[in-house]
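Please read the report below alongside the sequence and the coordinates.

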Amino acid sequence: MVKQLKCPTCKKVTTWENNPFRPFCCERCKLIDLGKWADGSYQVPGEPVSTHDLNPEDFPELLN
Ligand SMILES: [Zn+2]
């Protein structure tokens, strides 16, 4: 059975074997993905920081 994976860039199903660009389907997708990392398009997953959810009582110095 040939191991298959989805290209992270174009979501096309490609194969792991005989694929020098894995996990991408082709050199183009690999370069596109590297470019995203380089220009900061990818965000680090995690809790979004929102100042709207802060409780003023937790910051008494701000009430003076
Ligand atoms: Zn691709």
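## Model and conventions

Residues are numbered from 1 along each chain as its sequence is written. The model is predicted: local features need pLDDT of at least 70, side-chain atom pairs count only at pLDDT 80 or more, and totals for chains, interfaces and linings use all residues.

## Overall fold

Starting at the N terminus, the order of elements is β-β-α.

Of the 64 residues in the protein chain, 5% are buried. A residue is called buried if 20 or more other C-beta atoms lie within 10 Å of its own, exposed if 12 or fewer do, and partly exposed in between, with C-beta atoms placed from the backbone. Among contacts in the protein chain with a separation of 6 or more, 6% join residues 24 or more positions apart. Contact here means that the C-beta atoms of two residues, placed from the backbone, lie within 7 Å.

## Annotated cysteines

An unreviewed UniProt entry lists Cys7, Cys10, Cys25 and Cys29 under "binding site". These four span 23 residues in sequence, yet no two of their C-alpha atoms are more than 8.2 Å apart, so they gather at one spot. UniProt positions are given in the numbering used here, feature names are shortened, and annotations may be inferred rather than shown by experiment.

Cys25 sits in the loop between strand 2 (13-15) and helix 1 (27-39). Cys25 counts as buried because 21 other C-beta atoms lie within 10 Å. With neighbours within four places in sequence left aside, its contacts are Cys7, Cys10, Lys12 and Thr14. Cys29 belongs to helix 1 and is partly exposed, with 19 other C-beta atoms within 10 Å. Not counting residues up to four places away in sequence, Cys29 touches Cys7, Thr9, Cys10 and Phe24.

## Backbone details

The loop between strand 2 and helix 1 also holds Pro23, and the peptide bond from Arg22 to Pro23 is cis, with omega near 5 degrees. Asn18 is placed in the loop between strand 2 and helix 1 as well. Asn18 is not a glycine, yet its phi is positive, at about 55 degrees. Asn18 is exposed because it has 7 C-beta neighbours inside 10 Å.

Lys11 is another residue other than glycine with a positive phi, near 65 degrees. Lys11 is located in the loop between strand 1 (4-6) and strand 2. With 9 C-beta neighbours inside 10 Å, Lys11 is classed as exposed.

Arg22 lies in the loop between strand 2 and helix 1. Its 15 other C-beta atoms within 10 Å make Arg22 partly exposed. Arg22 and Leu5 are separated by 17 residues in sequence, and their C-alpha atoms are 8.7 Å apart.

Lys36 is part of helix 1. Lys36 is partly exposed, with 13 C-beta neighbours inside 10 Å. From C-alpha to C-alpha, Lys36 and Thr9 are 9.9 Å apart in space, while 27 residues separate them in sequence.

Conventions:
Helices (H or I, at least four residues) and strands (E, at least two) are DSSP runs, numbered from the N terminus.
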